[in-house]
Amino acid sequence: MLEVIRKPCPPIIRLLDFGCGASHLYEYMVAAGVTGIEYTGLDLSPKFVDLSRKKFPRNNYICADILEEPECIPRCDYIVMNGVFTEKRGLTFDEMLAYFERSLSVVFAKAEMGVAFNVMSKHVDWERDDLFHLPFDTLASYLIASLTRNFVIRSDYGLYEYTTYVYR
């Protein structure tokens, strides 16, 4: 997810970890010695936000539903959304696609430089009904029509998903 960050970049990058959960991305950043990033975590779950605040009290954390409170998202250089769109659970594909498009539009409006997110690939041996398998063409059509033509689709890391970087 951090490979969304392009050079040159500001000396301190403002990063929002959207759907931060238990702040595993921040744990990775600390373990890998990643510096120059001002981390903020956002999650819908008060339990995850409380846990993250206890683990990393110096970080900023936000507990909110961005579709209900889009103003709660701070302007950031980059926003990463790891695992936010991989599961659709009981939603239909069309319901999940609508949620995905609404959420991404709100988030992209707050990103100064770019956004990264992952979804499940359609190019699998079999699909699970509870996962969001988004065709490349459907994604590209939405991005071009609604956000930007400036994006990268990555499926080179060995999982049955792909990550997309969307840039200004």
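## Charges

Counting charges here means taking Lys and Arg as positive and Asp and Glu as negative, with His and the chain ends left out. On that basis, this predicted model carries 18 positive and 23 negative side chains. The centres of the two sets sit 5 Å apart.

## Fold and overall shape

Let's walk along the chain. There are four helices and seven strands, and they come in the order β-α-β-α-β-β-α-β-α-β-β. The radius of gyration is 16 Å, close to the 15 Å that the globule rule gives for 168 residues, so the chain is as compact as a globular protein of that length. Along the principal axes, the C-alpha atoms fill a box of roughly 40 × 35 × 30 Å.

## Packing and surface

How much of the chain is buried? Buried residues come to 45% of the 168. As for who touches whom, take the contacts with a separation of 6 or more: 66% of them link residues 24 or more positions apart.

## Cysteines

You'll find zero disulfides in the structure. Cys9 is in none, and its nearest cysteine sulfur, from Cys76, is 15 Å away. Cys9 has 26% relative accessibility, so it counts as partly exposed.

Cys63 isn't in a disulfide either: the nearest cysteine sulfur, that of Cys20, is 9.0 Å away. Cys63 counts as partly exposed too, at 36% relative accessibility.

How values were computed. Residues numbered from 1 in each chain as written. Predicted model: local features only at pLDDT ≥ 70, side-chain atom pairs only at ≥ 80, totals over all residues. Heavy atoms only, no water. Helix = DSSP H or I, 4+ residues; strand = E, 2+ residues; numbered from the N terminus. Rg over C-alpha atoms; globule rule 2.2 N^0.38 Å. Buried < 20%, exposed > 50% of the residue type's maximum accessible area, 1.4 Å probe, protein only. Contact = heavy atoms within 4.5 Å. Charge placed at Lys NZ, Arg CZ, Asp CG, Glu CD. Disulfide = S-S within 2.5 Å.
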